Amino acid sequence: HYQELELNIRKNLQEKGHLAKYSFDDFITANEQMKHLINIAKTYSASPFPILIQGESGTGKELFAQSIHNASNRKNGPFVALNCSTLTESILEAELFGYSDSSFTGARKGGKIGLFQEAHQGTIFLDEIGEMPLSFQSKLLRVLQEKEVRPVGSGKIIPVDVRVVAATNKNLREEVENGNFRLDLWYRLNVLSVNIIPLRERPEDIE
């Protein structure tokens, strides 16, 4: 009975596209430092804390995020991903927190559930977090602190149980020093961190 329920849940998540496809078994490496990094990420997957994945473009940040989700106790929950680059504050707010009916011109009838709600009891992956507008960062920080969201145009507060994994190809410490990223948000996201090694630094993996 429970296997059938789980199958139906995963089928619904797959139809929505909220399913992590990759696991740590999909990694292929001969590099000892990379193997150590994978073991650290496996350890992190057992914790409930936010994870910040840093690495250059193309190093496999989402592969790590999906693997962490699939090794965690949230593996049967949704894995919801959003690329934060090029999105304005208003679009980010509507996408992440949702909106109520007729909250703005062009809003979908009946409103829209935000990605934090869709990721409830699962993982939300915020890619390119370093590109997030500074003006929106305080709103995200509040959600991470309070574990609740308020849809745009609504007075209703909705509690969410979500594990946050963020990724960036920028040095967020430098972004903080340059005034482009909030220090308190960086501390909130950087509880656990993974720094992925680029391929040029592990030549034994090229072949």
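**Ground rules.** I am working with a predicted model, where local features need pLDDT of at least 70, side-chain atom pairs count only at pLDDT 80 or more, and totals for chains, interfaces and linings use all residues. I number residues from 1 along each chain as its sequence is written, and side-chain values use heavy atoms, with hydrogens and water left out.

**Entry 1: the sheet.** I took helices (H or I, at least four residues) and strands (E, at least two) as DSSP runs, numbered from the N terminus. I found an open sheet of five strands in the order β2-β5-β8-β1-β9, with parallel pairing. β2 and β9 (192-195) are at the edges with a single partner strand each, so one side of each has no neighbour in the sheet. On average, neighbouring strands of this sheet are turned by 15 degrees against each other, direction ignored. Two strands count as paired if DSSP finds at least two bridges between them. I then looked at β2 and β5, which run parallel and are joined by five bridges. Ala81 has Phe125 in β5 as its bridge partner.

**Entry 2: helix α4.** Which residues of helix α4 are buried? I noted Leu92, Glu93, Ala94, Leu96 and Phe97, within a helix that spans residues 89-97. Buried here is under 20% relative accessible area, exposed is over 50%, and partly exposed is in between (1.4 Å probe, protein chains only). The cover over these residues includes β2 (79-83), β5 (122-127) and α6 (134-146). Just after α4, I saw that Gly98 takes a positive phi of about 80 degrees.

**Entry 3: α4 against α6.** The axes of α4 and α6 come within 9 Å and cross at roughly 20 degrees. Axes are lines fitted to C-alpha atoms, for helices over the stretch in contact, and angles run from 0 to 180 degrees between N-to-C directions. α4 and α6 are therefore roughly parallel to each other (the cut-off is under 35 degrees). On the α4 side, Glu89, Leu92, Glu93, Leu96 and Phe97 make the contact, and on the α6 side Ser135, Phe136, Lys139 and Val143. Contact means heavy atoms within 4.5 Å.

**Entry 4: Ser67.** A polar atom of the Ser67 side chain lies 2.7 Å from the backbone oxygen of Leu63. Leaving aside neighbours within four places in sequence, I listed Tyr22, Ser23, Phe24 and Phe27 as contacts of Ser67.

How values were computed:
A polar contact is a pair of N or O atoms within 3.5 Å; within protein, one must be able to donate a hydrogen and the other to accept it, and residues adjacent in sequence count only if both atoms are side-chain atoms. Angles under 35 degrees count as roughly parallel, over 145 as roughly antiparallel, 65 to 115 as roughly perpendicular and the rest as oblique.
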